[in-house]
Amino acid sequence: MTGSYEVRVTKSAGVRSFQVTLGERMTVLDALFRIQAQQDSSLAFRCACRVGMCGTCAMYINKVPRLACKTRPAQLDSAVISIAPLPHLPVIQDLVVSLGPFFDQWKRIKPALRGSGADTLAIIPPNPDTSRKRDCITCGICYAACGIKASHADYLGPAAINKAFLRLKDPRDSANKARLSVLNDEWSGVWRCHTQFNCTAACPKKIDLTDTIARIKRAMLTS
Amino acid sequence: MKDLIRKYGGPFSGMVAHLIQRVTGLLLLFYLFLHVRTIYALREGPAAFDQAVGAFNGVLFKLLEIALLGAVILHALNGIRITILDLGLGQDRQRRLFWAWSIGVGALIFLAGAIPLFLASVLRR
């Protein structure tokens, strides 16, 4: 079923409204392409895979951070679609944000495997504790949804903590001590999380990020 | 507005729980100061204490007392909810835990306490 929508886009110069007709199976990303092609060629947004694998098209759609390519206007249940850049990240232009601050935190937990010799090449058996948590596509949605991030710029954020958790669970890794000291930091580590569940609610890959953080907290208290 | 209700009533209700915990925590802190200040009047003798307590006999303070009961119940039940979640139990049922436990059970306990309080201290004055 085709529907007509008012799309309100927060551009760098201010909010602009567009009328767009979309098919039932079309997405918010399709709406942006249609606007760019037919109404405003200056509209800047980012995308790559268009199938929810790369996380590039993360935006703030109807007050919730989501992937534009996986969001159908029909599921928003509203004739008005508001689209803004992701919160807590610096805007480059229109809907394009810099993921610099997100990856600055990501780097702090030493995301690369730190091992030595042939051990790092070993294939580890699947772990049910971590299998789902490996699906992270670093889209920045959890970072944008996090209420703590709004007031604590230094906070690592859910994605970085999730990555650290995967490394802590990896028997080949040898940098856990350094990682734990970052995670245990009173102001920017896991203790900043106030169990709001915003990251878990927003994650497009359905990763239970709050559970990851709670697991690290418990491990720190019991070890 | 509709979007916000859908957001915070549904998947993001953990944020509502967090805000409730903060607001009720601040209200209880304010009450604690008021309570300590009133008790402090004992230092000046029984008459001073009676006078200090007498200030809370008005209808407004009785209604605030009922509101205090609500704040204590919400704060306590939500605190139990957060403890359960931090222990790693019910992470996947946190929304239900908030609405059924903190709000649902909280409302029942509140009504059980608020109705007799209202009847005794506001209506039958």
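Domain bounds, as used in these legends, come from an automatic or database domain assignment. The structure is a predicted model, in which local features need pLDDT of at least 70 and side-chain atom pairs count only at pLDDT 80 or more, while totals for chains, interfaces and linings use all residues. Residues are numbered from 1 along each chain as its sequence is written, and chains are lettered from A and ligands numbered from 1 in the order in which they are written.

**View 1. The two domains of chain A.** Chain A is divided into domain 1 (3-97) and domain 2 (100-222). Taken over C-alpha atoms, the centres of domain 1 and domain 2 of chain A are separated by 28 Å. In contact are 15 residues of domain 1 of chain A and 14 residues of domain 2 of chain A; two residues are in contact if their C-beta atoms, placed from the backbone, lie within 7 Å. On the domain 1 side, strand S3 (58-61) and strand S4 (64-67) of chain A are the elements that give two or more residues. Helices (H or I, at least four residues) and strands (E, at least two) are DSSP runs, numbered from the N terminus. The largest share of this side, 4 residues, comes from S4(A). By class, the side of domain 1 has 10 nonpolar, 3 polar and 2 charged residues. Ala, Val, Leu, Ile, Met, Phe, Trp, Tyr, Cys and Pro count as nonpolar, Asp, Glu, Lys and Arg as charged, and the others, Gly among them, as polar.

**View 2. The contact between chain A and chain B.** Chain A brings 18 residues to the contact and chain B brings 16 residues. On the chain B side, helix H1 (2-9), helix H2 (13-40) and helix H4 (59-86) each supply at least two residues. H1(B) gives the largest share of this side, 4 residues. The residues of the chain B side divide into 6 nonpolar, 5 polar and 5 charged.

**View 3. The packing of H2(B) with H4(B).** The two helices pack at an angle of about 130°, with their axes 9 Å apart. Axes are lines fitted to C-alpha atoms, for helices over the stretch in contact, and angles run from 0 to 180 degrees between N-to-C directions. Residues making the contact include B:Ala17, B:Ile20 and B:Tyr31 of H2(B), and B:Leu68 and B:Asn78 of H4(B). The residues of this contact divide into 9 nonpolar, 5 polar and no charged.

**View 4. B:Gly9 in helix H1 of chain B.** B:Gly9 lies in helix H1 of chain B. The C-alpha atoms of B:Gly9 and B:Leu29 are separated by 27 Å, and the two residues are 20 residues apart along the chain.
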